[in-house]
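Here is a short walk through one protein model. Keep the sequence and the 3D view side by side as you read.

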Amino acid sequence: GIVGAGGNTGAVGFGMGFRQLDYKEAFLIMGFSILGSSLLSVFINIKGYSALFWGEDQAVSKETGTLAVPEQNAEDAADVNEDVADEKA
């Protein structure tokens with residue numbers, strides 16, 4: 001979240017907030033933006049891993065320690081090829 005990982009952007013943004021606003025208003029804005037970003041983190045979805053409330057992890061091979069490669073679907077491959085052809089045109 002913004003508390004530890006806001007980095008330079010968070011530091012500048014909240015630093016400006018504390019300079020320009022009363023402390024009460026600055027803390028309210030900071031609190032609501034942290035709450036908002038934490039609520040949005042529910043929707044983070046990383047391919048191969050389950051999300052917070054849905055999906056499932058892909059099987060990991062014990063021999064190689066890597067994720068299993070999904071099999072190619074002919075229909076999906078045709079869609080990708082069409083999209084690539086459309087982008088080149």
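**Confidence, helices and surface**

Helix α1 (residues 2-5) has the lowest mean pLDDT among the elements of the protein chain, at 55, while α3 has the highest, at 87. pLDDT is the predictor's confidence in each residue, from 0 to 100. Over the protein chain the mean is 78, and 79% of residues reach 70 or more.

This is a predicted model: local features need pLDDT of at least 70, side-chain atom pairs count only at pLDDT 80 or more, and totals for chains, interfaces and linings use all residues. Residues are numbered from 1 along each chain as its sequence is written, and side-chain values use heavy atoms, leaving out hydrogens and water.

The protein chain holds four helices and zero strands. Its pattern along the sequence is α-α-α-α. Helices are DSSP runs (H or I, at least four residues), as are strands (E, at least two), numbered from the N terminus.

Of the 89 residues, 9% count as buried. Buried means under 20% relative accessible area, exposed over 50%, partly exposed in between (1.4 Å probe, protein chains only).

Now the surface. Leu40, Phe43, Leu52, Phe53 and Trp54 form a nonpolar patch with about 640 Å² of accessible area together. Trp54 sits in the loop between α3 (23-40) and α4. Trp54 counts as partly exposed because its relative accessibility is 39%.

Asp83 belongs to helix α4 (residues 74-88). Asp83 is partly exposed, because its relative accessibility is 45%.

Technical notes:
Patches are made of residues with over 30% relative accessible area and no salt bridge: like charges are joined within 9 Å, nonpolar side chains (Val, Leu, Ile, Met, Phe, Trp, Tyr) within 5 Å. Accessible areas come from the Shrake-Rupley method with a 1.4 Å probe; for residues, only the protein chains shown count as cover. A salt bridge is a side-chain nitrogen of Lys or Arg within 4 Å of a carboxyl oxygen of Asp or Glu.
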